[in-house]
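Hi everyone, thanks for having me.

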Amino acid sequence: MATEQVLTGSAPADESGEAAEPKRPRVSRLPSLTGLRFPAALAVFAHHAFLPIPPLRLLSDDRTEYRLADWTSQAGGLGVSFFFVLSGFVLTWSARRGDTTTGFWRRRFVKIYPNYVVAWALAMLLFASSYTSTHVSLANLFMVQVWVPSYFTNFSVDSPSWSLAVEAVFYLSFPLLLSVFRRIDARHLKYWITGAIAAVWATPALAYALFPKTPRVPSGQDLSVSQYWFSYVLPPVRMVDFALGILVALAVKHGRCRNIGMFWSSLLLVGGYVLTFHVPYLYGQRAAMILPIALLIAAAATADIEGRFTLFRSRTMVWLGEISFAFYLLHYTALSTLRKALGTHQMYSTATGVAMLVGTAAVTVLLSWALYALVEAPLVRRFSRSRRRA
């Protein structure tokens, strides 16, 4: 099925001034995008697995440990940026014209927050309560830990959960953003997309120029806590990634997005990751990979629209993608609990340590399946629709 048979071109504005929606593609579900979620979550797992810090480190050989830590140093930024752009794309793709703001917020809440609370409780119970203050733990529980420039607050309790606190701001803003962006003439979407990518590149430049260079982040990078917080954590700044996803989704719907294919977009993403090692750290966290991420998401969506085969739309990859949210929330707790159970001083050979990490990933997949099947899926089925409306 050719793209032009599925997607219409630019459309005139309707009487309200809002750009008319193109004819909805026959394909409403995009399984390749679901399948891509798990590799992104696995990239974040790899980043945390090789962090050379006492609560996580397993490998005894310093040279191997620091080499692997260096190779995966930007994998976390890759995964998080991918999720932010993907979130904007998928929510826009699945948005219904007659939907209400409260209906949208309700669906997001029942899908995200119960899992988030379970992961928070497990982290507190298994390791975090011994060194986390009450106000920091409550800040995490209520998803406000990202609003202060404090490294040990931003990445406290279940460390990866900071990105869900940022996503919560995206969800609150999405109805307004979509309403505004739908008014853009389809012919002008390319300029907005270019502007969003330029804004991502401008963010680290502003952080380096405007914020003090001290105190330094404890990870050893040559940047300050406030620089890192502004460029990588602060929700209004990361909103640009989310907005980019919305714009790309609208461009794909209107047939206004250049599709270079999954092979070339994947190759470009590899090149973007290599580039992260040759630019200042904050540029590597998201800017160097933002364009390839957008191109890969658009290419995967287009492949599904056209009914073409991709590795990520298989039943196994879609299943892994469905549990990837739970995997993302649970993997840091699994890694920390393993290290705590083994004792903080016992180190292992590279082969043994890597085998333990692979086993931990497998166990986390099983735990994620349980969380998805017992908490996420039932609650979404039960509460995602208003009982009164039904």
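Let's begin at the surface, where L138, F142, V144, W147 and V148 form a nonpolar patch. Together these residues have about 460 Å² of accessible area. Please keep in mind that this is a predicted model.

Take V148 from that patch. Where is it found? V148 sits in the loop between α6 (134–141) and α7 (151–154).

Several helices supply at least two lining residues each, among them α2 (31–49), α4 (75–94), α7 and α13 (281–305). Which element gives the most to this lining? That is α15, with five residues. By class, the lining of this pocket has 27 nonpolar, 16 polar and three charged residues.

Finally, let's go inside. How many cavities of 30 Å³ or more does the structure hold? There are two, and the second largest cavity has a volume of about 30 Å³. Its lining is made up of H48, A49, L56, L58, L335, L338 and L357. Here α2 and α15 are the elements that give two or more residues. Six of the lining residues of this cavity are nonpolar, one is polar and none is charged.

That's my tour, and I'm happy to take questions!

Terms used. Residues numbered from 1 in each chain as written. Predicted model: local features only at pLDDT ≥ 70, side-chain atom pairs only at ≥ 80, totals over all residues. Heavy atoms only, no water. Patch = residues over 30% accessible without salt bridge, like charges linked within 9 Å, V, L, I, M, F, W, Y side chains within 5 Å. Areas by Shrake-Rupley, 256 points an atom, 1.4 Å probe, with all protein chains shown as cover. Salt bridge = Lys/Arg side-chain N within 4 Å of Asp/Glu carboxyl O. Helix = DSSP H or I, 4+ residues; strand = E, 2+ residues; numbered from the N terminus. Nonpolar A, V, L, I, M, F, W, Y, C, P; charged D, E, K, R; others polar. 1 Å grid on protein atoms, 1.4 Å probe; cavity = no way out; pocket = protein on both sides within 12 Å on 5 of 7 lines; lining within 4 Å. Points joined across faces, edges and corners; volume = space filled by probe spheres on them.
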